[in-house]
Amino acid sequence: MKQCKMILALLLGRLVRAVSRLLHRGGTDMPGRLALKLCPELLSLLAAPVKSLAITGTNGKTSSARMVEEAFREAGLTLFANRSGANLISGITTEFIMNADWRGRPKAKYAVIECDEAAAKAVFPQLGPQVVLVTNLFRDQLDRYGEVTHTLENIRIALSGAPEARVCLNADCSLTASLADVLPNDIVWYGVEPGATPSRSAPAISDATHCIRCKSEYEYDYITYGHLGGFHCPRCGYRRQSPSIAVTDVVEQRADGSTVLMEIDGRRELVQVNLPALYNVYNAAGALAAVTAMGLPAKTAIEALGRFQCGFGRMERFALGHAGSRMTLVKNPAGCTQVLEFLAGLKEPFTLAVCLNDRAADGTDVSWIWDADFEILGRLGSRLRRVIVSGDRAADMRVRMKYAGVPGERVSEQRDYEALVRELENEDVPVFLMPTYTALLELRQVVIRHVGGADFWE
Amino acid sequence: MELNIFHLYPDVLNLYGDGGNIITWTRRLRWRGIEAKVHRAPIGASASLAGADLVFIGGGQDFEQQVLLEDLHRGRDREIRAAIEDGVPFLTICGGYQMLGAYYETFDGQRCDFIGALDFYTVGSQTRMIGNYKFRCTEAAGGSEIVGFENHSGKTRLGSGVQPLGRVLAGFGNNGEDGSEGVHYKNVFGSYSHGPLLPKNPAFADHLLSLALARKYGDGTLAPLDDREELAAHDEMFRKI
């Protein structure tokens, strides 16, 4: 009976997918959603014979997943992944449906699955991942996720449904590191060591100022960004764990990537990360931890980090404008500030387009733009050639630019993506596109129509 | 001329872009050639409110509420009450607003005593009042029309010793039932509107600046600014909500 229902659900899923593609839609979500209605245990049935690596956390899921994927491929494993970004149970189930033959047997034996923080508690028990990577926790779409401690609790519940998994935790994030207290799982720590990168002063806004155990104020030996760094609680003694996958020196940060020195289980390795900015150094360390936790050699992961392509709006390159462009998703203050700091570190002038939407998948509350440090742009002077604000809430972004100190004559508004892209085609300096999630989906399509690139589900 | 802006508990009450209110005041003063000094008063800091011309308290997470209450009851509650009675203008948002009332009672009946500076209380509900909303300030509060975003489960009930900040035009406001939004007492203004409140509502931002200048220098007249961007953002949301 169960087998029968599964086969029907698989058929339904495939049918819905075929119709979606005929209609030129992604069909990344609907097949799984409908198939689960018919057979609620479908995901666990399909996932049982597959070795899965799951990634959750606020920022860095997609980039980390692409790094891990490349490492698996490097190791010669056959794998599939929810590359489209559909990371709720419906989207993840869709990927498993597409990987199954008509009797539910898997084509590829390995899966790299990124999973929404709130969806993880439904997904993990069915997925039964071998390894889980938790990247970090930052305030994110408060209207949807609520407070960070609430998200942390969701992840704890999710992991309690995966007791066999080895869990890779960011040692520098006091929130996610606290999961080790309450989990029986085997933990692998990764992090950035003191002195690897210049320590920052405490940010104006931190998502974790007070001890998650005893609520005393943390003290920091160093801060890498946001609330990440060498924290300890002077009262209860809760402190950063020494990581076994450790970034010991950020040797060079370039516009196209970073060179870092890592210590991996005691061995020193020079690692190239093929995506720029410090947050991708964290993603690389997390990916390394996850890949080695799967039992693959570190060497394989290191090769992959120097070569992987992220795509899909994560510092994704396009031949737009005379000097090229990069598109990168922004969705919360910590991630957005990191992108702004990356821009501030560039040597050359550039043009910026910010597309702010407030639809359900973006978060309907756009207040977060005031927590992101756009003041960085106000201090750049003429290196910031111009800013074009766009999206449903372009007017809010324009006000943000004004109060960030960007001179009014450098800011313009263009809500029509076609016109925006045509305008940007004439730029002679590099162009950076910073869309929120739903803006990314639309803008990326328009950019691809003009200059080429892949569809989002590819 | 110069105004001293005190930002109370910026370390824990900083949710939902509330810092944008401080940025707005600071810029709007400097554009007029008036100096703005921002004093951060985090938990544990002994800085008193003496010398404050304008005070801001934002919203926060439940997680740090206990730490906050302990700090308040170490004497800062008295300072806040004294400053309020002394006519210092306050802007308080969401959690910072609720904190000035008598208490917060959770929906399952647990009561948490707040500082009781103003005559109101808040009772938790199981539904969240969330979304874009708009309201019209009373004449006493400047009479401007405000657009904002609210996200709270507490329902606030005002006593007879205070006035509402305004009347809800769309959305929930204090409790989703009596049409009131926020609180107004002397120069204290409390609201559920983050978003943040001030950048898109420049008339209200200036109303508080004007009160602070009048209190300090006897003249609250402000030179007009070019608010085209702010008003465009305001009007667009006002039409949409």
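Let me start with chain A, whose secondary structure comes to 17 helices and 17 strands, where helices (H or I, at least four residues) and strands (E, at least two) are DSSP runs numbered from the N terminus. The radius of gyration of chain A is 22 Å, close to the 23 Å that the globule rule gives for 458 residues, so chain A is as compact as a globular protein of that length; the radius is taken over C-alpha atoms, and the rule is 2.2 Å times the number of residues to the power 0.38.

Residues are numbered from 1 along each chain as its sequence is written, chains are lettered from A and ligands numbered from 1 in the order in which they are written, and side-chain values use heavy atoms, with hydrogens and water left out.

On confidence, the predictor gives the complex an ipTM of 0.96 and a pTM of 0.90. For chain B the mean pLDDT, which is the predictor's confidence in each residue from 0 to 100, is 94, and 99% of the residues of chain B reach 70 or more. Where pLDDT is low, the predicted coordinates should not be read in detail.

Returning to chain A as a whole, the C-alpha trace spans about 70 × 55 × 40 Å along its principal axes, and 62% of the 458 residues count as buried, with buried meaning under 20% relative accessible area, exposed over 50%, and partly exposed in between, for a 1.4 Å probe and protein chains only. If we take contacts (heavy atoms within 4.5 Å) between residues of chain A at least 6 apart in sequence, 70% of them join residues at least 24 apart. Chain A carries 52 positive and 52 negative side chains, and the centres of the two sets lie 5 Å apart; here Lys and Arg count as positive and Asp and Glu as negative, with His and the chain ends not counted, and the place of a charge is taken as NZ of Lys, CZ of Arg, CG of Asp or CD of Glu.

A:Lys215 lies in the loop between β6 (187-192) and β7 (219-225), and at 29% relative accessibility it counts as partly exposed. A:Ala277, by contrast, is buried, with a relative accessible area of 4%, and its place is in the loop between β11 (267-273) and α11 (278-293).

A:Leu352 is found in strand β14, residues 350-355, and at 0% relative accessibility it counts as buried. Leaving aside neighbours within four places in sequence, A:Leu352 is in contact with A:Leu343, A:Leu377, A:Leu384, A:Arg386, A:Val387, A:Ile388, A:Phe432 and A:Met434. A:Trp368 is 16 residues from A:Leu352 in sequence, and the two are 19 Å apart in space, C-alpha to C-alpha.

Finally, chain B, which has five helices and twelve strands. Its radius of gyration is 17 Å, close to the 18 Å that the globule rule gives for 241 residues, so chain B too is as compact as a globular protein of that length. The C-alpha trace of chain B spans about 50 × 45 × 30 Å along its principal axes, and buried residues make up 59% of its 241 residues. Chain B has 24 positive and 31 negative side chains, and the centres of those sets lie 2 Å apart.

One residue of chain B to look at is B:Gln66, in helix α2, residues 65-85. Is B:Gln66 buried or partly exposed? With a relative accessible area of 44%, B:Gln66 is partly exposed. B:Gln66 and B:Cys112 are 46 residues apart in sequence and 9.6 Å apart in space, C-alpha to C-alpha.

Terms used
Predicted model: local features only at pLDDT ≥ 70, side-chain atom pairs only at ≥ 80, totals over all residues.
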